[in-house]
Amino acid sequence: MGTTEAALRDLMVAGLGGDAGAHAALLRALVPLLRGFYRRRVRGGNDDIEDLVQETLIAVHTRRATWDADRPFTAWLFAIARYKMVDQFRRHARLSPIADADAIAAADDFEAEAIARLDIDTLLAGLSPKQARMIRATRLDGLSVADAAAAEGIGQSDVKISVHRGLKALVARVQGGTR
Amino acid sequence: MRTDDLIRQLAADTTPVQRGAVGRRLLAGLVAGGLLSAVLLVTALGIRPDLDRAMLGPVFWLKWGYTLSLAAAALAVTVQLARPDTVRTRGLWLLAIPVALLALAGVAELVRTPSTEWLSMWLGRSWKTCPWRVLALSAPIFAGLLWSFRRFAPTRLRAAGAAAGLSAGAFAATVYCLHCPEVSAIFVLTWYSLGILLAAGIGSLLGPRLLRW
């Protein structure tokens, strides 16, 4: 079972068409992705992580109509995952995020995040699509290199090289812009 | 519950979802709320008796053109905020078009009218009640949109609440046109818009509470 953007997207499209088997396969494929996503961000027991994963699966299921097929599936998925995480922090003081307090405040403020993303979008638009995707996955969506490699269906070193070259090109561009 | 069991349960309830389902659900909530709001208007305020004649003249259509196009632009923003991955709402500037056009009509009106009558034209006969009535009529529509949002995934709750409130207010103003006999563009520009803005403001306050999921 693949977990690349393309594979997940195909399953999602089939599920939206009413294919229950594809939909089940999609939800099963999301479980390891979501566990990894939350484990890196939430300080909590396995039960807490699993609660978040289940909450997210339910949201993915009940709100699947809000995915726009013209947009990346994983961006939609992680937007939901992030929302569920922030919501959970608000509800349960017991769960604490791993990142420092500033990062939570930033994640809490969706609008500030949106504005920052706007700048990032403009910057990343100048890179090759693969470099932009890999930077987005590892530096913005918080996937590990291994997860990003699995999602893209390429090797880990390939991911690292894409990120490295992409960042180098960005630095060059930013410095060029100020010169 | 084990995650595998949950997935089995969820998958058992896989119904087809058509493209554009979000827009249709939003429209359904809007229309259902709008009908309720129209019933409220007919029973509490009554339809203006000269509606058939008014619909033959330009003023009625100027008012409807303003409120309907504002509602359409607000809905276009709302539908974007119904999705979780909207980082940037597009088309906010469209909201300025109806306002600018009505303001132009208002200026033309002021030029044609002696300045001694400006104040009475601006205040009309119902400036004190108009914004509040628009706000009251927007409540059922806002409720209808809240129903729509129960299947949506907004992540910017304040903005989504404001956009839903703005849509509800503009559509409520459209309904209110069936009652309101005022004829001046600057009246509509001020007092209708005030009611619509109140609805948007209340929407932005309620959004973070009512749109959580």
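Trainee: Which residues touch the most other members of the largest nonpolar core?

Mentor: That core, a set of buried Ala, Val, Leu, Ile, Met, Phe, Trp, Tyr and Cys residues joined through side-chain atoms within 4.5 Å, has 103 residues. Buried here means under 20% relative accessible area, with exposed over 50% and partly exposed in between (1.4 Å probe, protein chains only). Touching the most other members are Leu30(A), Tyr38(A), Leu57(A), Phe73(A) and Tyr192(B).

Trainee: And which helix gives the largest share of this core?

Mentor: Helices (H or I, at least four residues) are DSSP runs, numbered from the N terminus. With 13 residues, the largest share comes from chain B's helix H8 (residues 157-176).

Trainee: Is Ser167(B) buried or exposed?

Mentor: Ser167(B) sits in helix H8 of chain B. Its side chain makes a polar contact (N or O atoms within 3.5 Å, one able to donate a hydrogen and the other to accept it; residues adjacent in sequence count only if both atoms are side-chain atoms) with the side chain of Thr78(B), at 3.0 Å. The relative accessible area is 1%, so Ser167(B) is buried.

Trainee: Which residue with positive phi follows H7(A)?

Mentor: H7 of chain A covers residues 129-140, and its buried residues include Met134(A) and Ile135(A). After H7(A), with phi near 75°, comes Gly142(A).

Mentor: On conventions, this is a predicted model: local features need pLDDT of at least 70, side-chain atom pairs count only at pLDDT 80 or more, and totals for chains, interfaces and linings use all residues. Residues are numbered from 1 along each chain as its sequence is written, chains are lettered from A and ligands numbered from 1 in the order in which they are written, and side-chain values use heavy atoms, leaving out hydrogens and water.

How values were computed:
Helix = DSSP H or I, 4+ residues; strand = E, 2+ residues; numbered from the N terminus. Expected span 1.5 Å × (residues − 1).
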